[in-house]
Amino acid sequence: MSPMTMTIAAQSTGSEGTPSEAAPAERANARRWSRFARPALGLALPVVLAVAWEFIVRMGWASGRLAPPPSVIFATFVDLARTGELQRHTLVTLGRVAAGFGIGVAAATFIGAAAGYSPLVRRLIDPSIQGLRAIPSIAWVPLFILWLGIFEASKVTLIAVGAFFPVYLNTMAGIQQVDRKLVEVARVHGYGGVGLVRRVLLPAMLPAYVTGLRGGLGLAWMFVVAAEFMGASEGLGFLLIDGQQTGRPANIIAAILLFAVFGKLSDVALARTARRFVAWQDSFESAEEKKANAANPAPLQAIR
């Protein structure tokens with residue numbers, strides 16, 4: 001081989017190797033972009049609306065007295081954080097939601113699993129629970145105050161009631177809707193009782209259970225507002241009432257935004273945690289994710 005031929009071959013090899021060396025860097029850049037771009041897409045609409053309202057108020061087309069612009073709400077957040085009220089009210093509300101949600105989920109999981117597994121238990125308790133589910137949340141308030149007083153017990157109990165029903169319904173329905181063939185095959189292979197529940201029923205009902213958990217968490221955040229109307233002196237619900245009584249709409253909107261932010265963050269955390277347990281599920285969404293990952297190796301970061 002002549003020297004000129006060797007030189008041309010070496011140059012050709014180098015030019016072909018460059019893209020392969022650059023491919024990992026491109027994939028890493030795509031992952032970093034996806035990590036920020038996809039969640040940011042969900043913020044586009046509220047940011048646009050906030051900027052538009054700020055512009056309208058600054059142009060004098062609206063007074064902004066009853067619906068303050070984002071700059072005033074941001075100043076309210078700063079003032080509340082400076083005095084420590086923001087942290088105090090937020091931590092109190094988070095503690096109530098966590099306690100009520102935990103109690104409601106524990107009770108709903110046990111009762112829902114029993115009702116889904118045993119037809120006798122279902123016929124015995126399900127009609128009563130369905131009747132209780134139709135009672136509005138505010139109707140429980142005077143009864144819980146009478147029974148438990150106006151302190152933390154009544155508030156946590158009300159939140160637990162709100163979280164109970166979605167988890168109960170999805171747990172019971174998830175067990176009932178397990179494919180009968182799976183159960184029969186498991187019994188043929190000698191599974192029964194605890195083994196059947198652990199190997200077949202529990203994995204098969206997990207997707208429905210996760211949906212119930214997310215629904216229960218959403219209702220827990222809704223019920224905490226009613227709970228904090230029950231004579232509370234702390235919490236984001238109290239911040240709402242205080243803003244209404246003192247004529248400070250910025251405080252009301254700030255509290256509403258905090259409910260929205262913490263509700264969304266807790267839902268995302270729950271969904272990300274639960275997703276690891278249902279990764280085996282071959283659903284439409286998982287198929288679409290596989291196609292997206294095949295086209296772009298960046299992992300899916302946003303959870304709807």
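Guide: Welcome! A helix here is a DSSP run of H or I with at least four residues, a strand is a run of E with at least two, and both are numbered from the N terminus. This is a predicted model, in which local features need pLDDT of at least 70 and side-chain atom pairs count only at pLDDT 80 or more, while totals for chains, interfaces and linings use all residues. Residues are numbered from 1 along each chain as its sequence is written, and side-chain values use heavy atoms, leaving out hydrogens and water.

Visitor: What do the side chains of Glu54 and Arg58 meet in?

Guide: Here is the general idea: side chains of opposite charge can pair when their charged atoms come close. Glu54 and Arg58 meet in a salt bridge, at 2.6 Å from N to O. The term asks for a side-chain nitrogen of Lys or Arg within 4 Å of a carboxyl oxygen of Asp or Glu.

Visitor: Is Glu54 buried or exposed? And Arg58?

Guide: Buried means under 20% relative accessible area, exposed means over 50%, and partly exposed lies in between (1.4 Å probe, protein chains only). Glu54 is buried at 14%, whereas Arg58 is exposed at 63%.

Visitor: How many salt bridges does a search of the whole structure find?

Guide: The search finds seven. One of them joins the side chains of Asp79 and Arg82, at 2.9 Å from N to O. Asp79 and Arg82 are three residues apart in helix α3 (residues 70-83), so about one helical turn separates them. Asp79 is partly exposed, at 43%, and Arg82 is exposed, at 61%.

Visitor: Which residue forms a salt bridge with Arg96?

Guide: That partner is Glu228, with the closest N and O atoms 2.9 Å apart. Arg96 belongs to helix α4 and Glu228 to helix α9 (residues 194-228), so this pair ties together parts that are 132 residues apart in sequence. Arg96 and Glu228 are both buried. Through salt bridges that share partners, Arg96, Glu152 and Glu228 form one network.

Visitor: Which residues does Thr93 touch?

Guide: Thr93 is in helix α4 (residues 85-117) and counts as buried at 1% relative accessibility. Leaving aside residues up to four places away in sequence, Thr93 touches Trp221, Val224, Glu228, Gly235, Leu236 and Phe259. Contact means heavy atoms within 4.5 Å.

Visitor: At roughly what angle do helices α10 and α11 cross?

Guide: Two packed helices are described by the angle between their axes and the distance between the axes. The axes of α10 (residues 236-245) and α11 (residues 249-275) come within 8 Å and cross at roughly 160°. Axes are lines fitted to C-alpha atoms, for helices over the stretch in contact, with angles from 0 to 180 degrees between N-to-C directions. The two helices are therefore roughly antiparallel; that label applies over 145 degrees, with roughly parallel under 35, roughly perpendicular from 65 to 115, and oblique for the rest.

Visitor: Which residues make the contact?

Guide: Among them are Leu236, Leu239 and Leu240 of α10, and Ile252, Ile256 and Phe259 of α11.

Visitor: How many helices and strands does the protein chain have?

Guide: The chain has 12 helices and zero strands. Buried residues make up 33% of its 304 residues. Among contacts between residues at least 6 apart in sequence, 72% join residues at least 24 apart.
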